[in-house]
Amino acid sequence: MLLAVGGVLVAALALLGGRAAAIGGAAAVAAQLAAVALLRPAMTAPQPRFFGRWLGGMAVRAGFLAALLVLAVTHPDRLPPLATSLGYLGALLPLLFWETKFLQ
């Protein structure tokens, strides 16, 4: 379900913002998939383990954003930083709101 919703978001971003926004959105979907995969095994774990996994998922998302921005800043002619970062946020924010559905 996460991949399907992510695919729809990336397609919408591609139509609205072009290639750079779609690349940012695809990176956000990949980051969210990794974060959910990290958190899912700890859903019923004790609170310290759960929060450790949750924090790890946030670090994964931040790492994907940092890598994406480094690429966008070093190659602005191929990957405009503004469109790329807006594509990332435009996909990640809806996925974060739907995260509770993905974790059930």
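Q: Which residues is Arg61 in contact with, once its neighbours within four places in sequence are left aside?
A: The model is a predicted one, and every contact discussed here is read from it. Contact means that heavy atoms lie within 4.5 Å. By that criterion Arg61 touches Ala31, Gln32, Ala35, Tyr88, Leu92, Leu96 and Glu99, with neighbours up to four places away in sequence left out. Arg61 itself belongs to helix α2.

Q: Is Arg61 buried or exposed?
A: A residue is called buried when its relative accessible area is under 20%. Arg61 has a relative accessible area of 5%, and therefore counts as buried. Gly57, Leu68 and Ala72 are also among the buried residues of α2.

Q: How far is Arg61 from Ala30 and from Ala26?
A: Arg61 and Ala30 are 31 residues apart in sequence, and their C-alpha atoms are 8.9 Å apart. For Arg61 and Ala26, the separation is 35 residues along the chain and 12 Å between the C-alpha atoms. Ala30 is placed in helix α1, which covers residues 2-39. With a relative accessible area of 32%, Ala30 is partly exposed.

Q: What span does helix α2 reach, and what span is expected?
A: The span from the first C-alpha to the last is set beside the value expected at 1.5 Å a residue. Helix α2, residues 47-74, has 28 residues and reaches 40 Å, close to the expected 40 Å. Leu69 also lies in this helix, and is partly exposed at a relative accessible area of 32%. Between Leu69 and Leu79 there are 9.3 Å from C-alpha to C-alpha, for a separation of 10 residues in sequence.

Q: Why does Thr84 count as buried?
A: The reason lies in its accessibility: Thr84 counts as buried because its relative accessibility is 0%. Thr84 is part of helix α3, residues 81-97. Beyond its neighbours within four places in sequence, the residues in contact with Thr84 are Ala20, Gly24, Leu68, Ala72 and Leu79. Two of these contacts, Leu68 and Ala72, are themselves buried residues of α2.

Q: What does Leu33 touch, and where is it found?
A: Leu33 is found in helix α1, and apart from residues up to four places away in sequence it touches Leu2 and Leu3. Leu33 is partly exposed, with a relative accessible area of 35%. Gly90 is 57 residues from Leu33 along the chain, and the two C-alpha atoms are separated by 16 Å.

Q: How many aromatic pairs are counted?
A: A pair of aromatic rings is described by the distance of the centres and the angle of the planes. In this model the count is 1 aromatic pair. The rings are those of Phe50 and Phe51; their centres are 5.5 Å apart and their planes stand at 70°, so the pair is edge-to-face. Phe50 is partly exposed at 22% relative accessible area, and Phe51 is partly exposed at 41%.

Q: Which residues make the nonpolar surface patch of about 590 Å²?
A: That patch is made by Met1, Leu89, Leu93, Phe97 and Trp98. Of these, Trp98 lies in the loop between α3 and α4, the latter being residues 99-102. Trp98 is partly exposed, with a relative accessible area of 41%.

How values were computed:
Residues numbered from 1 in each chain as written. Predicted model: local features only at pLDDT ≥ 70, side-chain atom pairs only at ≥ 80, totals over all residues. Heavy atoms only, no water. Helix = DSSP H or I, 4+ residues; strand = E, 2+ residues; numbered from the N terminus. Buried < 20%, exposed > 50% of the residue type's maximum accessible area, 1.4 Å probe, protein only. Expected span 1.5 Å × (residues − 1). Phe/Tyr/Trp six-rings, centres within 6.5 Å; stacked < 30°, edge-to-face > 60°. Patch = residues over 30% accessible without salt bridge, like charges linked within 9 Å, V, L, I, M, F, W, Y side chains within 5 Å. Areas by Shrake-Rupley, 256 points an atom, 1.4 Å probe, with all protein chains shown as cover. Salt bridge = Lys/Arg side-chain N within 4 Å of Asp/Glu carboxyl O.
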